[in-house]
Amino acid sequence: MKTVSSLLDAHWYERYTKISKLNIRSSIYDVTNRCNLRCKGCFFFSSDEHKVAAEQMDIAQWGSFIDAEMARGVNLAILIGGEPTLCLDRMEAFYKRLPTFCATNGLIRVPRDRFPDMMIGISLWGDEDDERMLRGKNTFAISSKHYAGDPYTYYLFTITPKQIGRTEGIIRKIRDVGLKVHMQLLSNDEGVSGFNWQPAELIAIRSEMDAMLDAYPQTVISSKYYHEIITTGTMLGRPFGWMECPSVTQPMDHRQPPPKRLTNFIRWASDLKTMHRCCTSETRDCKTCKDGAAHMSWVMVNKRAHMGTAKDLQNWIEVYEMFAKLYQFLPW
Ligand code: SF4
Ligand code: SF4
C-alpha cells in the first residue's frame, strides 16, 4: 500500500505535516432570519428557510447552546443567516468562546474593537452591474470602505456566467483595497434568466480562474484542483451530488452506503433547535449544487482516494491548505 511518506518529497511532506495536525470540526449557524438585502438567488430566502423557525431572542440561551456545541466537539463556528451583523451580541457569544468565521454582505462594519481577529468573508456577486441586478446594490462600494486593508477579511466572490472575461477587473479592485479573494460559482437557486451555467462556460471559467490564480497569487486564495472540481463537478471520475456530499447534517444523514463526510457537522436554524438538511438550501437540486465549501470538503474528507499518485495527494494538500487559510487555521 502506498503511504503518504512514500508519495511526497520533503517539501510536500512538511506541508502535509502542518495540515495533518489540524482537526477541524465545523458546524454552521443561522444567526438570524433577517437580512438587509434580498439577493435574487439567495438560497436562504428562496427556500423559505427563514420561515422554518423563530429566532431565539435570549442571549443567555445562545451562550449555553454554544457551550453544548463545543462539548460536542465543534472547534469552528461558521456564522451565516440572514445577515449575522444584525445581531452582534449573538456573534460575540460565539467569538468569545471558539474560532469563529462570519459570512456577511459587508454593509454593516463589524467593529474590530469587539472582534479584533475574527475572520470575515464578504459576499460579492460580480461587478457593479451584476450586483445591482442581482442584489439591488453595488455592495463593493460600501464593503470595501468598511474593510480596506483588514488582515482578517476576504471577499467570497460568487462568479456568475456573466463574469466570464471580466473577473480580472474585480480581482484587481480587491487587490487595490488590500484584501484577499476566494472564488466560487453561482448556483442560481431562483433560476434568474441567463445565470445558469452552460458546459462551455464552465470550461471557460475554469481556465480564467486558473489564470487569475497565476496572475494574482498574493490576492487569490485558491487552487487549480479546486477549480477543476467545482467546474467539472467530478473528482477522480466520481460525480458530485447527494450521495457524495460531505456537508449533510449528521443526525439527518441516513444515506446508504454512508459516504465520507464531515464529522458531526450540523447546520442549525436560529431557534437553536431546528436543523437544516445541509450547508446550503434544502430545496436545491444537488445535481446543480456549486457550493464551494461543500466541494472543498468533498476533497478533504477523501484523502485515501487521493493516495494513488503523488500529484493526487499534492492536489489534496493544496485544497486542504486553502480551506485552512480561509478559516484561519493557517496564515495566508
Ligand atoms: S446578503 Fe446573503 S443572506 Fe442576505 S439576501 Fe443576499 S445572499 Fe441572502
Ligand atoms: S444542495 Fe449541495 S450542499 Fe446541500 S446536500 Fe445537495 S450537494 Fe450537498
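Helices (H or I, at least four residues) and strands (E, at least two) are DSSP runs, numbered from the N terminus. Axes are lines fitted to C-alpha atoms, for helices over the stretch in contact, and angles run from 0 to 180 degrees between N-to-C directions.

This is a predicted model, in which local features need pLDDT of at least 70 and side-chain atom pairs count only at pLDDT 80 or more, while totals for chains, interfaces and linings use all residues. Residues are numbered from 1 along each chain as its sequence is written, and chains are lettered from A and ligands numbered from 1 in the order in which they are written.

**Two helix pairs**

Helix 4 (residues 59-71) packs against helix 5 (residues 88-95) at an angle of about 25 degrees, and their axes are 9 Å apart. Helix 4 is therefore roughly parallel to helix 5; angles under 35 degrees count as roughly parallel, over 145 as roughly antiparallel, 65 to 115 as roughly perpendicular and the rest as oblique. The crossing of helix 4 and helix 5 is right-handed. A crossing is left-handed if the near helix is turned anticlockwise from the far one by less than a right angle, and right-handed if clockwise. Helix 4 contributes Ile59, Trp62, Gly63 and Ile66 to the contact, and helix 5 contributes Asp89, Arg90, Ala93 and Phe94. Two residues are in contact if their C-beta atoms, placed from the backbone, lie within 7 Å. By class, the contact of helix 4 with helix 5 has 5 nonpolar, 1 polar and 2 charged residues. Ala, Val, Leu, Ile, Met, Phe, Trp, Tyr, Cys and Pro count as nonpolar, Asp, Glu, Lys and Arg as charged, and the others, Gly among them, as polar.

Helix 11 (residues 292-300) and helix 12 (residues 310-326) form another packed pair, at an angle of about 130 degrees and with axes 9 Å apart. Helix 11 and helix 12 are therefore oblique to each other, and their crossing is left-handed. On the helix 11 side, Met296, Val299 and Met300 meet Trp316, Val319, Tyr320, Met322 and Phe323 of helix 12. This contact of helix 11 with helix 12 has 8 nonpolar, no polar and no charged residues.

A residue is buried if 20 or more other C-beta atoms lie within 10 Å of its own, exposed if 12 or fewer, and partly exposed in between, with C-beta atoms placed from the backbone. The cover over the buried residues of helix 11 includes strand 6 (180-185), helix 10 (224-232), strand 7 (234-235) and helix 12.

Tyr320 lies in helix 12 and is buried, with 25 other C-beta atoms within 10 Å. Leaving aside neighbours within four places in sequence, Tyr320 is in contact with Ile19 and Met300. Tyr320 and Tyr226 are 94 residues apart in sequence, and 9.9 Å separates their C-alpha atoms.

**The two ligands**

A residue is near a molecule if its C-beta atom, placed from the backbone, lies within 6 Å of it. Around ligand 1 are Cys35, Leu37, Arg38, Cys39, Cys42, Phe44, Phe45, Gly81, Gly82, Glu83, Asn105 and Ser123. This shell divides into 6 nonpolar, 4 polar and 2 charged residues.

The residues around ligand 2 include Cys245, Val248, Cys278, Cys279, Cys286 and Cys289. By class, the shell around ligand 2 has 8 nonpolar, 2 polar and 2 charged residues. Val248 sits in the loop between strand 8 (238-239) and strand 9 (267-268). Val248 is buried, with 23 other C-beta atoms within 10 Å. Not counting residues up to four places away in sequence, Val248 touches Asp253, Arg261, Arg277 and Cys278.

**Backbone details**

| Cis peptide bond | Omega |
|---|---|
| Gly81 to Gly82 | about 10 degrees |
| Gln256 to Pro257 | near -5 degrees |

Gly82 lies in the loop between strand 2 (76-80) and helix 5, and Pro257 in the loop between strand 8 and strand 9.

Asp48, a residue other than glycine, has a positive phi near 60 degrees. Asp48 is in the loop between helix 3 (43-46) and helix 4 and is exposed, with 11 other C-beta atoms within 10 Å. Asn188 is not a glycine either, and its phi is positive at about 55 degrees. Asn188 is found in the loop between strand 6 and helix 9 (199-215), and counts as buried with 21 C-beta neighbours inside 10 Å.
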